[in-house]
Each structure stands twice: as C-alpha cells, then as structure tokens.
Amino acid sequence: MAYGSVQKQTFSFGATGTSSSIAVGAGELVDFSVSGTFVGTLQIQRRKPGDSTWLVIESHTGAAERVLRNASNYDMRVECSAYTSGTAAGYIETSGERGV
C-alpha cells in the first residue's frame with residue numbers, strides 16, 4: 001500500500017468480520033459509506049504503520065456517510081464487531097488528496 005495514492009476497499013458484512021485496509025497519508029480525506037438494513041455495529045479503525053493494534057475511531061449501528069481527515073499516516077479499515085441480522089454494505093476510500 002502506498003500512502004498518498006487513491007485506494008478503495010468495499011465490504012459487505014452478513015456476519016462479524018473485517019475489511020481489507022487502506023493506507024491513508026497525513027492530511028488526506030477518507031470517505032466512509034455504509035448502507036443496508038442490518039442490526040450490528042461497524043467500527044472505523046486505524047493503526048500506525050507497523051503497529052499491530054487497531055484503534056476504534058468511530059462506531060456506527062446504521063446507515064452512515066462520513067468524511068474524515070487523517071492527521072498522520074495510518075492504515076484504516078472497517079470491522080463488523082457485533083452482528084445480529086441483515087447485511088451492511090459500503091466502502092472506505094481515500095482519493096490521495098489532502099483536505100483543507
């Protein structure tokens with residue numbers, strides 16, 4: 001993964017699980033979107049490059065759209081940490097552009 005490049009990971013959760021990660025450079029904008037009818041919890045997570053510990057930065061229990069600004073180089077992913085029913089589908093993406 002290259003920091004500062006366009007990256008997108010799509011996901012579809014019908015059980016607990018984790019998406020693949022994207023590399024997000026310092027100052028880059030990250031777009032997160034989830035839709036569907038589901039009962040569960042999705043977490044947006046990040047970790048510093050080379051770290052093994054993922055930290056939760058946001059949790060969502062329904063449809064959501066967010067734009068986040070990254071302060072440093074991070075790997076980011078989405079985890080379905082709790083699941084009861086339905087399907088949650090969406091993406092996490094960076095355009096490689098820096099926000100203002």
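## Salt bridges

Arg66 is partly exposed, with a relative accessible area of 32%; partly exposed covers the range between buried (under 20% relative accessible area) and exposed (over 50%), using a 1.4 Å probe and protein chains only. This is a predicted model: local features need pLDDT of at least 70, side-chain atom pairs count only at pLDDT 80 or more, and totals for chains, interfaces and linings use all residues. Residues are numbered from 1 along each chain as its sequence is written, and side-chain values use heavy atoms, with hydrogens and water left out.

Arg66 forms a salt bridge with Glu58, and the closest N and O atoms of the two are 2.6 Å apart. A salt bridge here is a side-chain nitrogen of Lys or Arg within 4 Å of a carboxyl oxygen of Asp or Glu. Glu58 is buried at 16% relative accessible area. By this rule the model has 2 salt bridges.

Arg47 also forms a salt bridge, with Asp75, where the closest N and O atoms are 3.4 Å apart. Arg47 lies in strand β5 (residues 38-47) and Asp75 in strand β8 (residues 74-86), so this pair ties together parts that are 28 residues apart in sequence. Helices (H or I, at least four residues) and strands (E, at least two) are DSSP runs, numbered from the N terminus. Arg47 is partly exposed at 22% relative accessible area, while Asp75 is buried at 5%.

## Aromatic pairs

The count is 2 aromatic pairs. The ring centres of Phe11 and Phe13 are 5.2 Å apart and the planes meet at 25°, so the pair is stacked. Rings of Phe, Tyr and Trp (its six-membered ring) pair if their centres lie within 6.5 Å; planes under 30 degrees apart are stacked, over 60 edge-to-face, and the rest tilted. Phe11 and Phe13 are both buried.

Phe11 and Phe32 have ring centres 6.3 Å apart and planes at 20°, so they are stacked. Phe11 is in strand β1 (residues 7-13) and Phe32 in strand β4 (residues 28-35), 21 residues apart, and the pair links distant parts of the chain. Phe11, Phe13 and Phe32 form one aromatic cluster.

Ile92 is in strand β9 (residues 88-98) and is buried, at 0% relative accessibility. Leaving aside neighbours within four places in sequence, Ile92 is in contact (heavy atoms within 4.5 Å) with residues including Lys8, Phe11, Ile22, Ile44 and Met76. Ile92 and Lys8 are 84 residues apart in sequence and 5.8 Å apart in space, C-alpha to C-alpha.

The charged end of Lys8 sits over the ring of Tyr91, 4.4 Å from the ring centre. For this, NZ of Lys or CZ of Arg must be within 6 Å of the ring centre and within 35 degrees of the ring normal. The charged end of Arg46 sits over the ring of Tyr74, at 4.3 Å from the centre.
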